[in-house]
Amino acid sequence: MAIKRAICLAGGGPAVGLSIGALERIQKEGDITFDVWSLACIGAWLGIAWNQAEPGQEVEFTRSFFRGIFRPDDVYDRFPIAGAFAPDFESCAVNALDFMLDSSNYRNLVIPEAIKQATEDLIGFMGTPSRWSQANFNDVILNDVLAVNPVSRFMTSLMYQNNTKGLSRIFYPDSAFLQQLDFAKLSQPRRPVIYHNAYNLTDQTLELFSNKDDKYQSITAHSLCACSALPYIEEPVTMNGKVYCEGATIDTVNFEHLIANHPDLDEVWVSRILDRKQIRQPKNLYDALNNLVMLFASTTSEDDVKLFKYHLMEVGSKVKVVEIPVNHNINYDWSYSNLDRSIVDGRAAAAETIRRYREGRVWSAEEICSRFQSAGNDVGEKGARTPARVRG
């Protein structure tokens with residue numbers, strides 16, 4: 001009897017090369033194929049790019065597609081921004097102008113009592129040498145100078161309170177970048193069943209989209225962008241009157257309803273490309289922003305996998321989880337060298353996984369959870385909350 005497999009490709013932005021390399025290596029094993037693909041964030045872009053490619057051209061197309069997101073190293077060195085998603089410069093200008101022309105945005109610029117109090121505090125600080133320290137100086141500048149100054153108050157509100165909701169805009173219906181993907185091919189008979197998630201901010205629910213499962217909305221360029229709209233980095237996406245952001249903020253690996261939708265699964269392979277050991281000491285604001293995003297995502301993805309395994313044990317499932325190891329040597333640069341290095345590392349990790357798999361060294365969910373519990377892992381406590389988050 002043929003083994004029915006699913007693969008989960010997790011979110012992780014510039015670490016996507018790990019999943020690309022893993023797919024490249026797995027593809028060489030003719031008997032290891034996936035009937036179901038469950039995707040989140042950058043994993044959704046990868047899974048869709050891979051599955052809409054012509055048979056035999058998956059590797060070539062996917063590499064070419066993602067090199068359009070990454071940059072050559074010398075270009076990236078002094079412009080450390082991914083190449084695919086630009087700010088909406090026109091909307092930013094319109095939003096700024098609308099803000100300045102709205103008279104309500106000029107209220108509370110001058111607050112006499114606050115100015116009076118700040119002046120007294122500033123004079124007191126200047127006349128008290130014992131308070132002259134770096135911390136106190138910074139506090140005075142923020143609260144007794146900038147916070148009460150009408151000009152700085154207006155400029156700060158202009159920056160943060162106009163209608164611009166992200167550093168970049170991810171969806172345009174006429175985007176040449178998105179037009180590289182042929183979404184119609186995903187519905188062809190020979191294509192696997194694909195899911196990706198997105199978080200509905202309007203209804204406060206995590207939603208799935210699919211190419212073949214009629215219970216869910218169809219996968220489109222619009223839904224793909226919705227699943228990747230990371231708050232603050234990319235602005236939310238409005239679709240069918242609802243506002244969406246990245247689903248990976250809720251379920252980084254997208255196990256949502258996987259087992260319920262496919263109770264006959266035998267194996268679930270997982271490419272979890274983020275790990276807390278990848279986080280490095282920041283050297284600048286660029287590193288610090290990467291850490292802010294990736295540290296939470298990496299710990300969430302680890303927990304998601306543990307909870308999913310525990311959930312399988314709880315419901316008595318015989319599904320085996322095959323987790324591809326996460327390499328720690330990558331960085332979070334959108335550079336060609338990082339992409340290429342990640343692909344090599346992803347291939348190596350998949351090769352080791354396949355070797356163990358061929359040797360029969362794949363543990364069931366029950367065996368894995370038994371090991372966690374015997375080691376004093378707290379997955380049991382977390383597992384009590386599993387059904388609301390990983391409904392399988």
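A nonpolar core is a set of buried Ala, Val, Leu, Ile, Met, Phe, Trp, Tyr and Cys residues joined through side-chain atoms within 4.5 Å. Buried means under 20% relative accessible area, exposed over 50%, and partly exposed in between, with a 1.4 Å probe and protein chains only.

I am working on a predicted model, where local features need pLDDT of at least 70, side-chain atom pairs count only at pLDDT 80 or more, and totals for chains, interfaces and linings use all residues. Residues are numbered from 1 along each chain as its sequence is written, and side-chain values use heavy atoms, leaving out hydrogens and water.

**Cores.** I looked up the largest nonpolar core and found 64 residues. W37, W45, F66 and W269 have the most contacts inside it. Helix α2 (residues 42–52) gives this core its largest share, seven residues. Helices (H or I, at least four residues) and strands (E, at least two) are DSSP runs, numbered from the N terminus. Another core lies apart from it, with 20 residues, including C8, L258, F308 and V321.

**W37.** I then listed its contacts (heavy atoms within 4.5 Å). Leaving aside neighbours within four places in sequence, W37 touches I7, L9, L23, G47, W50, N51, P192, V193, I194 and Y195.

**Strand β2.** I checked both faces of β2 (residues 36–39), and both are covered. V36 and S38 are buried on one side, W37 and L39 on the other. Strands pair if DSSP finds at least two bridges between them. Strand β1 (residues 5–9) runs parallel to β2, with four bridges. C8 has S38 as its bridge partner in β2. I traced the chain from β1 through helix α1 (residues 17–27) to β2, and this β-α-β crossover is right-handed. That is, with the strands pointing away from the viewer, the path from the first strand over the helix to the second runs clockwise. β2 also pairs with strand β4 (residues 193–200), again parallel over four bridges. There, V36 has V193 as its partner.

**F296.** Buried or exposed? I find F296 in helix α11 (residues 285–314). It counts as exposed because its relative accessibility is 58%. F296 and T249 are 47 residues apart in sequence, yet 8.8 Å apart in space, C-alpha to C-alpha.

**Cavity.** I searched on a 1 Å grid over the protein atoms alone; a cavity is a set of points where a 1.4 Å probe fits but cannot get out, and lining residues have an atom within 4 Å of a point. The structure holds one cavity of 30 Å³ or more. α1 and α12 (336–358) each supply at least two lining residues.

Conventions:
1 Å grid on protein atoms, 1.4 Å probe; cavity = no way out; pocket = protein on both sides within 12 Å on 5 of 7 lines; lining within 4 Å. Points joined across faces, edges and corners; volume = space filled by probe spheres on them.
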